[in-house]
Amino acid sequence: MIGISRDDDVVTIELQRPERRNALNQPLCAALKEAVLNAVDSGGRAIVLTGQGSAFCAGADLSEVYSDNFADGLLDMLHTIDSVPVPVIAAVNGPALGAGTQIAIASDLRVVAPEAFFAIPAAKIGISVDRWTVQRLSSLIGSGPARSILMGVESIYAEEAHTRGLANKIGTLSDAQDWAKTIAQLAPLTLQYLKLAFNDDGTQDEESDELRSALHRAWGSEDAQEGRAARDEKREPRFKGR
């Protein structure tokens, strides 16, 4: 489920669930969080995250994850990536959908394959992302494009992502690892401070009870069940707002 390799001070963590296009379930979220923490504890000075096969991460595994526990576990994993005191580079080797985009924006830097793209189709399936995701995506690419992705359910492909600053480089896993090797030689305390400063973008503010309740209400709604059924039956969903 998780592959780990090390080259000097660079730890590469690979999502290994290619039969589900690296879609996340609760065990995979927990394993990714643990792998990131272990990379730091073992002295890693840069982390590269990537996916096995043709996809970076196809999002949440919708056959398994309609529960508050999954949403909480996903957010815990994302905030771990966001908060560890070393640079994390997402090597986005293919489509990054939903939670895949969330992993990418939780990372500090993104190296994106030419064929990769980002999308968050939550509104098509009756669930929602959290406030942190809305704020972080807005801080990276601007409120207008973020609204297009989240409310307009539009995809953003590699070249546009690079133009807008979501992708720092267009390249491969090897390119990401080479960059990580260079970054790992830089002053760790400087990098730690810069990570804290960049991530002081409003995403660390406490989420209101109203927002958290609305998020859980969406995940546990009849609309979420309808979205899953429509996806399985390959038809358009009929949402009722309950």
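The structure is a predicted model, in which local features need pLDDT of at least 70 and side-chain atom pairs count only at pLDDT 80 or more, while totals for chains, interfaces and linings use all residues. Residues are numbered from 1 along each chain as its sequence is written, and side-chain values use heavy atoms, with hydrogens and water left out.

I begin with the salt bridges, defined by a side-chain nitrogen of Lys or Arg within 4 Å of a carboxyl oxygen of Asp or Glu. The count comes to twelve. One of them joins Asp-61 to Arg-17, at 2.9 Å from N to O. Asp-61 sits in the loop between strand S3 and helix H2, and Arg-17 in the loop between strand S2 and helix H1, so this contact ties together parts 44 residues apart in sequence. Helices (H or I, at least four residues) and strands (E, at least two) are DSSP runs, numbered from the N terminus. Asp-61 is buried, at 1% relative accessible area, and Arg-17 is buried at 9%. Here buried means under 20% relative accessible area, exposed over 50%, and partly exposed in between, with a 1.4 Å probe and protein chains only. Arg-17 and Asp-61 also belong to a salt-bridge network with Arg-20.

A further salt bridge links Glu-160 and Arg-164, again with closest N and O atoms 2.9 Å apart. These two residues lie four apart in helix H7, which separates them by about one helical turn. Glu-160 is partly exposed at 36%, and Arg-164 is partly exposed at 40%.
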